[in-house]
Amino acid sequence: MSTYQEKAKECKCCGKHVPLPTVLREYEGITVCPTTFSNIIEYKRIWTSLGSRPNGSIRKHFSEFVQQIVEDSNAK
Ligand SMILES: [Zn+2]
């Protein structure tokens, strides 16, 4: 198993990615791939601009994993 495969396992969504990420990011102590990281930032931005949880037509573009991380973040 390559170093990249080992590292990718730290992001909970990465089993589904091809190709695997070669660099990981960290959001509030959670290790995620760059794709998830970008989606977290975008989902959080939308949530903040709306002032409430985005509706389903927006949420469907974001994984359960991304939504959960932002919800946990907003609950702090
Ligand atoms: Zn990932």
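**Notebook: helix packing and core**

I began with the helix pair, and I noted that α2 and α4 cross in a right-handed way. The model is a predicted one, where local features need pLDDT of at least 70, side-chain atom pairs count only at pLDDT 80 or more, and totals for chains, interfaces and linings use all residues. Numbering starts from 1 along each chain as its sequence is written.

**Entry 1: the α2/α4 pair**

I looked up the geometry next. The two helices, α2 and α4, pack at an angle of about 50 degrees, and their axes are 9 Å apart. That makes α2 oblique to α4. For the terms: axes are lines fitted to C-alpha atoms, for helices over the stretch in contact, and angles run from 0 to 180 degrees between N-to-C directions. Under 35 degrees is roughly parallel, over 145 roughly antiparallel, 65 to 115 roughly perpendicular, and the rest oblique.

Then I listed the residues that meet. From α2 I have T36, N39, I40, Y43, K44 and W47, and from α4 F65, V66, Q67, I69, V70, S73 and N74. A contact means that two C-beta atoms, placed from the backbone, lie within 7 Å.

**Entry 2: the overall layout**

I counted four helices and two strands in the protein. From the N terminus the order is α-β-β-α-α-α. Helices (H or I, at least four residues) and strands (E, at least two) are DSSP runs, numbered from the N terminus. The C-alpha trace spans about 45 × 25 × 15 Å along its principal axes.

I checked burial over the 76 residues, and 17% count as buried. Buried means 20 or more other C-beta atoms within 10 Å of the residue's own, exposed means 12 or fewer, and partly exposed is in between; the C-beta atoms are placed from the backbone. For contacts between residues at least 6 apart in sequence, 32% join residues at least 24 apart.

**Entry 3: the core**

I asked which residues make up the largest nonpolar core. There are 11 of them: A8, C11, C14, V32, C33, F37, I40, Y43, V66, I69 and V70. Two elements, α2 (34-50) and α4 (64-74), each give two or more residues to this core. A nonpolar core is a set of buried Ala, Val, Leu, Ile, Met, Phe, Trp, Tyr and Cys residues joined through C-beta atoms within 7 Å. In soluble globular proteins, nonpolar side chains tend to be buried together.

Leaving aside neighbours within four places in sequence, C11 is in contact with P21, L24, T31, V32, C33 and T36.

I found V66, I69 and V70 as the buried residues of α4. Viewed down the helix axis, they fall within an arc of 95 degrees, so they line one face of α4. The arc is taken over the directions from the helix axis to the C-beta atoms. What covers these buried residues includes β1 (25-27), β2 (30-32) and α2. On the other side of α4, I see E64, E71 and D72 exposed.

V70 is in α4. It is buried because 25 other C-beta atoms lie within 10 Å. Beyond four places in sequence, V70 is in contact with I40, Y43, K44 and W47. I also took its C-alpha distance to N39, 31 residues away in sequence, as 9.8 Å.

Q67 is also in α4. Is it buried, exposed or partly exposed? Q67 has 17 C-beta neighbours inside 10 Å, so it counts as partly exposed. Beyond four places in sequence, its contacts are Y43, R59 and F62.

**Entry 4: the strands and the loop**

I30 sits in β2. I note it as partly exposed, with 18 C-beta neighbours inside 10 Å. Its C-alpha is 8.7 Å from that of E10, 20 residues away in sequence.

E28 is in the loop between β1 and β2. It has a positive phi of about 50 degrees, although it is not a glycine. Most residues other than glycine have a negative phi. E28 is exposed, with 11 other C-beta atoms within 10 Å.

I finished with K76, in the segment after α4. It counts as exposed because it has 5 C-beta neighbours inside 10 Å. I have its C-alpha separated by 32 Å from that of Q5, 71 residues apart along the chain.

Terms used:
Left-handed = near helix turned anticlockwise from the far one by under 90°.
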